[in-house]
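Let's take a walk through this model together.

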Amino acid sequence: LLCMGRNPFTVDKKGLVLSFRPILVKELFTTAPKTVSFGKEKITLPANTFSFSLFSKTLVCYHNPARKDTFARSSQVGKIMITFNDGKKLICHSQSIKLPYSAAVRRGEAARIDIYLK
């Protein structure tokens, strides 16, 4: 609930939709870069981020340069960048990921999702 908001997966007329509406206070975001272990990798996360594991396979990283609480209307998603397991990248300029990419994320085919908050 805190990391993704209520009902992250929904269905619209075209199919499965994955939306990100986190409910995080600004104090949860890093203040300096931090190196963490994710799977077998060491990953350095930049300052002003909050990260979590989705389905134990996908690293999700919120970038919050303004360090705002994310439940405020002013902290909406600006863009989402998905890095797939094969290295390909996709940028979505919306709050949601739609088919076929939402299904790919659900199947565990995304290595990382970076969400940039306004």
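**Starting from an enclosed strand**

Six of the eight residues of β7 are buried, so this strand is largely enclosed by the rest of the structure. Buried here means under 20% relative accessible area, while exposed means over 50% and partly exposed lies in between (1.4 Å probe, protein chains only). Before going further, please keep in mind that this is a predicted model, in which local features need pLDDT of at least 70, side-chain atom pairs count only at pLDDT 80 or more, and totals for chains, interfaces and linings use all residues. Residues are numbered from 1 along each chain as its sequence is written, and side-chain values use heavy atoms, with hydrogens and water left out.

Which strands does β7 pair with? With β10 (residues 110-117), it pairs in the antiparallel sense over seven bridges, and T83 has R112 of β10 as its bridge partner. With β8, strand β7 (residues 77-84) is joined by four bridges, again in an antiparallel arrangement; here M81 stands opposite I91. Two strands are said to pair if DSSP finds at least two bridges between them. β7 and β8 form a hairpin with four residues between them, and in the turn G87 has a positive phi of about 95°.

Now step back to the sheet that holds these strands. It is an open sheet of five strands in the order β5-β6-β10-β7-β8, with mixed pairing. Its edge strands are β5 (49-54) and β8 (89-92), each pairing on one side only. From one strand to the next, the twist averages 15°. For such angles, axes are lines fitted to C-alpha atoms (for helices over the stretch in contact), and the angles run from 0 to 180 degrees between N-to-C directions.

Strand β6 of this sheet holds H63. H63 is buried, with a relative accessible area of 11%. Leaving aside its neighbours within four places in sequence, H63 is in contact (heavy atoms within 4.5 Å) with P46, N48, T49, D114, I115, Y116 and L117.

Next, turn to another open sheet, formed by three strands in the order β1-β2-β9 with antiparallel pairing. β1 (9-12) and β9 (96-98) stand at the edges, each with a single partner strand, so one side of each is left without a neighbour in the sheet. Direction ignored, neighbouring strands of this sheet are turned by 30° against each other on average. Three bridges link β2 (residues 15-19) to β9 in the antiparallel sense, and L18 stands opposite I97 in β9.

Finally, let's look at the whole chain. It has one helix and ten strands, which follow the pattern β-β-β-β-β-β-β-β-β-α-β along the sequence. Helices (H or I, at least four residues) and strands (E, at least two) are DSSP runs, numbered from the N terminus. With 118 residues, a compact globule would have a radius of gyration near 13 Å, and the chain agrees with its 14 Å; the radius is taken over C-alpha atoms, and the globule rule is 2.2 Å times the number of residues to the power 0.38. Of the 118 residues, 43% count as buried.

As for confidence, the chain averages a pLDDT of 93, and 97% of the residues score at least 70; pLDDT is the predictor's confidence in each residue, from 0 to 100. Among the elements, β9 has the lowest mean pLDDT (93) and β6 (residues 58-63) the highest (97).
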